[in-house]
Amino acid sequence: MVEKARPLEAPARQRVDTLGGCRVDGLPVSSARAVELAVALAVSGGAAPRDWLLSVLFDTDPAPSSLPTLAMRARALDLAVGYLPDRHSYALLAPIECDLVEFFREMKSGDPRRALSLYRGPFMPRSHSPFASGMRSTIESLVGTAAQNGDTAFLAEADRLIKHPDLSRRIVSAGADPLAVSLSRTWLRTLESA
């Protein structure tokens, strides 16, 4: 009996969530730095120069093996990260679904409410890399800009989720009770320090 050849199936896209934590396909991962490499590539359109990655993923002078090690750890998580020697770049060899990319796409399309619905907390909250700090700052700036349209419901939701001083000032100037905003901030700081 002759077996029929099966059609090649496209590999399933890995789901990467980095807003409020670090998960791959819903499971928390211990190698968050490897996930951060994959997300940096996804945000960059799928590929990025090695030197740029070194500068944004490490705040000090990294060892020569730092990026290859992160790429190897990413592959262990089934995130297809490879090095392209002819371009001196790293690339995603298979696409991923990423909440950060989706957040930016929704903001760019003019749907800040949809973008805010994707927000589950700060981008990679435990990472102190220049990339992570920059992404957190970019998110806050984009939401702050979207909140300038005077939509108090959006402003209140953004302030509840992001807790940025500029948002608090805007919500108070839009007519919210300053004491309630201040108490909300104090309560959040208490929870974060516990």
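At roughly what angle do the axes of helix H1 and helix H2 cross, and within what distance do they come? In this predicted model, the axes of H1, which spans residues 32–43, and of H2, which spans residues 50–57, come within 11 Å and cross at roughly 130 degrees. The two helices are therefore oblique to each other, and H1 passes H2 in a right-handed crossing. On the side of H1 the contact is made by Arg33, Glu36, Leu37, Ala40 and Leu41, and on the side of H2 by Trp52, Leu53 and Leu57. By class, the residues of this contact divide into six nonpolar and two charged, with no polar residue.

The sheet is considered next. Three strands form an open sheet in the order E4-E6-E5, with antiparallel pairing. Strand E4 (47–49) and strand E5 stand at the edges and have a single partner strand each, so one side of each is left without a neighbour in the sheet. From one strand to the next, the twist averages 25 degrees. H2 packs on this sheet, where it touches E4, E5 and E6, and its direction makes about 85 degrees with that of E4. Helix H3 (66–76), in turn, lies across E5 and E6 and runs at about 140 degrees to E5.

The pairing of strand E6 (residues 89–92) with E5 is antiparallel and comprises four bridges, whereas E4 and E6 are joined, also in the antiparallel sense, over three bridges. Alanine 91 of E6 takes part in both pairings, in that glycine 82 stands opposite alanine 91, and alanine 91 is likewise the bridge partner of alanine 47. The hairpin of E5 and E6 has four residues between the strands, and in this hairpin histidine 88 takes a positive phi near 50 degrees. In a regular strand the side chains alternate between the two faces of the sheet. For E6, both faces are covered, with Ser89 and Ala91 buried on one side and Tyr90 and Leu92 buried on the other.

Two loop positions were also examined. Threonine 18 is placed in the loop between strand E1 (14–17) and strand E2 (23–24); because its relative accessibility is 0%, and the limit for burial is under 20%, threonine 18 counts as buried. When residues up to four places away in sequence are not counted, threonine 18 touches Val35, Val39, Asp99, Leu100, Pro122, Phe123, Met124 and Pro125.

Leucine 77 is found in the loop between H3 and strand E5 (81–84). With a relative accessible area of 22%, leucine 77 is partly exposed, as the cut-off for a buried residue is under 20%. Under the exclusion of residues up to four places away in sequence, the contacts of leucine 77 are with Gln14, Val24, Val29, Ser31, Ala34 and Val35. The C-alpha atom of leucine 77 is separated by 9.7 Å from that of aspartate 25, although these residues are 52 residues apart along the chain.

Definitions and conventions
Residues numbered from 1 in each chain as written. Predicted model: local features only at pLDDT ≥ 70, side-chain atom pairs only at ≥ 80, totals over all residues. Heavy atoms only, no water. Buried < 20%, exposed > 50% of the residue type's maximum accessible area, 1.4 Å probe, protein only. Contact = heavy atoms within 4.5 Å. Axes fitted to C-alpha atoms, helices over the stretch in contact; angles between N-to-C directions. Parallel < 35°, antiparallel > 145°, perpendicular 65-115°, else oblique. Left-handed = near helix turned anticlockwise from the far one by under 90°. Nonpolar A, V, L, I, M, F, W, Y, C, P; charged D, E, K, R; others polar. Pairing = 2+ DSSP bridges.
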